[in-house]
Amino acid sequence: MKVVLATLNAKYIHTSLALRCLKAFSEKDFPIEIAEYTIKDPVMNIVSDLYDRGAKVIGFSVYIWNIEETVKVIRILRKIAPEVRIVMGGPEVSYDTGEWLEKLPEVDFIIHGEGEEAFNHLLHEIQGEGKFHRVFGAAYRKEKDGQSEVIVNPPRPKVNLAELPSPHRFPEDRESLGKRVVYFETSRGCPFSCSFCLSSIEVGVRYFDIERTKADLLYLIEAGAKTIKFVDRTFNIKRDYALEMFKFLIENHGGCVFQFEITADIMRPEVLDYLAEHAPPDVFRFEIGVQSTNDVTNEAVERRQNWNKLVRTVTSVKDSGKIAQHLDLIAGLPHEDYDTFRKTFNDVFALRPEELQLGFLKMLRGTGLRRDADKYGYVYADQAPYEILGNDLMPFSDLIRIKRVEDVLEKYWNAHRMDHTLLFLIDRVFGSAFDFFQRFGDFWERQGWERIGHQLEDLFSRLWSFLTSDEAPQGIELDTIQGLMKLDYFLNHNHKPRKVWWEFGMDKQELSGWMKRLAEEPEAVSGGFSELGLGEKELQKHAVLERLPFDLELFLTEGDVNREAETLLVVLYGVDGKRGGTAYSLRLAQGAAVKG
């Protein structure tokens, strides 16, 4: 009996750990293939491929991001292959399971909860006697007197993790390990009870055998994996375990990048000290769910969080310069209005995370907050991902304004297009990060730019349009800001740019004069410029120049804007062994001209 396990991933680079866990457990009993698609693949292409595989059973792993497209596939598949048994499983159908079977007559079975043992048992019953009432963790239809009745069997006891085979040893996966994200679990469950999160429903944390975990990781690294993302809900819940795993990965990383979800306020100082001293740069990445800094909100969603300890952890990790951090916020939680969310955003942005993800509350099936929706006046979409449309304190009008913040936050800060410029604007012009992103986001929307694409130079010219409009604060030092924007623009290129977004002021004679001076007086230029020993012809080939109306070196080192001196900005490409451009500066007297 051939079985195909299928899912629609969000992107091609993603892989499904769930399908591999199911295959690993049942492949000793049944021939099983894995079929992965994306939510952007044409539905008919997915159906055609599944049909051609000739399976007797097709199982679909479903989540909030793929349920709508998966249902389209199932409905067409049922029409062209009525004899195929269709099974669904995954977080999206593990709750309200009976309702899903009522709504989707095309589906024969649903597995709710952990699937390895339940799915294996179900396959044996499909092939055998069909006694589906014995399959705990499954739901099905029972025909009686010409009527169809939905039966949801009791949940299955938690599987013994020591009995699960590895899902990471399939030969067919080796070729793509270096091109896709490998998802990896060292534990199941979550110690916390946040009422907006599905993870809070499974009480307690169970661990896989640490030696098997290490062996699987070594196999993946040696086989060419480049990115491994741990799906443990709180990787650092046990200090000794986390420290041992961090040490193991540091010693064996082989250039692979590891991503973890950590709870920052329980990270022990000794673990932080160890990482600061021993972690290789850019090998670890931490994802930290802050969600809100409002104590009343955190209490309402049963979320324990010590803000001071969280700040200590994030600051310590950032100061080490070794580990990138991704911090999450959720707009629309209980007791959070527009003003308190503004404070939450500014609190977290002040930590200067490498990435700040602004998400919007989703009323997930099975969560306590969905059950309590009426208590807070929540209105939310009926279709997945069930995003809120408003509540008693956060109307839809506020949510759509915050979405504009999210849009420009992603394009500018999270993409790190112009960090020097943004931090200057946030700290010295707009008063707060939220106010800058909100005002710029509102301007962006009014221009209709959300409906058209953009190149790199568009991002700079659109910010400049905003800063020179009547909607920007008055009296700001535009020439200083433009100077920082020019610096950021040059640093965003891997090769010498062929065009700029501003009107370049130097003619060929002046440009040639500066090139000559740089070649003759390299010791006057900042950093290690003189050590490069570049001649005039090499500078013409590798350098871009621009004049800035302030002392750039002083600004970068001390943060002071001194307009009594000027700067000749020199950015070199392809000569110092680094990818992208490297900036140097030549301090000039105000109004100084190049010698003929």
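**Notes on the predicted model**

1. In this predicted model, the salt bridges number 48. Side chains of opposite charge can pair when their charged atoms come close.

2. Lys2 sits in the segment before β1 (3–9) and Glu33 in strand β2 (residues 32–38), so the pair links distant parts of the chain, 31 residues apart. Both ends are partly exposed: Lys2 has a relative accessibility of 24% and Glu33 one of 29%.

3. Glu287 and Lys229 are joined by a salt bridge at 3.5 Å, N to O. Because Glu287 belongs to strand β13 (residues 284–291) and Lys229 to strand β11 (residues 227–230), the contact ties together parts 58 residues apart in sequence. Glu287 is buried, at 12% relative accessible area.

4. Between Glu566 and Arg547 the closest N and O atoms of the salt bridge are 2.8 Å apart. Strand β19 (residues 565–573) holds Glu566 and strand β18 (residues 543–548) holds Arg547, so parts 19 residues apart in sequence are tied together. Glu566 is buried, with a relative accessible area of 13%.

5. A network of salt bridges links Glu114, Glu116, Glu185, Arg188 and Arg206.

6. Helices α8 (residues 269–278) and α10 (residues 307–320) pack with axes 9 Å apart at about 15 degrees. The angle is under 35 degrees, so α8 and α10 count as roughly parallel. Their crossing is right-handed.

7. A nonpolar surface patch consists of Val379, Leu389, Phe396 and Ile400, which together have about 330 Å² of accessible area. Ile400, in helix α13 (residues 396–414), is partly exposed at 32% relative accessible area.

Key. Residues are numbered from 1 along each chain as its sequence is written. This is a predicted model: local features need pLDDT of at least 70, side-chain atom pairs count only at pLDDT 80 or more; totals for chains, interfaces and linings use all residues. Side-chain values use heavy atoms; hydrogens and water are left out. Patches are made of residues with over 30% relative accessible area and no salt bridge: like charges are joined within 9 Å, nonpolar side chains (Val, Leu, Ile, Met, Phe, Trp, Tyr) within 5 Å. Accessible areas come from the Shrake-Rupley method with a 1.4 Å probe; for residues, only the protein chains shown count as cover. A salt bridge is a side-chain nitrogen of Lys or Arg within 4 Å of a carboxyl oxygen of Asp or Glu. Helices (H or I, at least four residues) and strands (E, at least two) are DSSP runs, numbered from the N terminus. Buried means under 20% relative accessible area, exposed over 50%, partly exposed in between (1.4 Å probe, protein chains only). Axes are lines fitted to C-alpha atoms, for helices over the stretch in contact, and angles run from 0 to 180 degrees between N-to-C directions. Angles under 35 degrees count as roughly parallel, over 145 as roughly antiparallel, 65 to 115 as roughly perpendicular and the rest as oblique. A crossing is left-handed if the near helix is turned anticlockwise from the far one by less than a right angle, and right-handed if clockwise.
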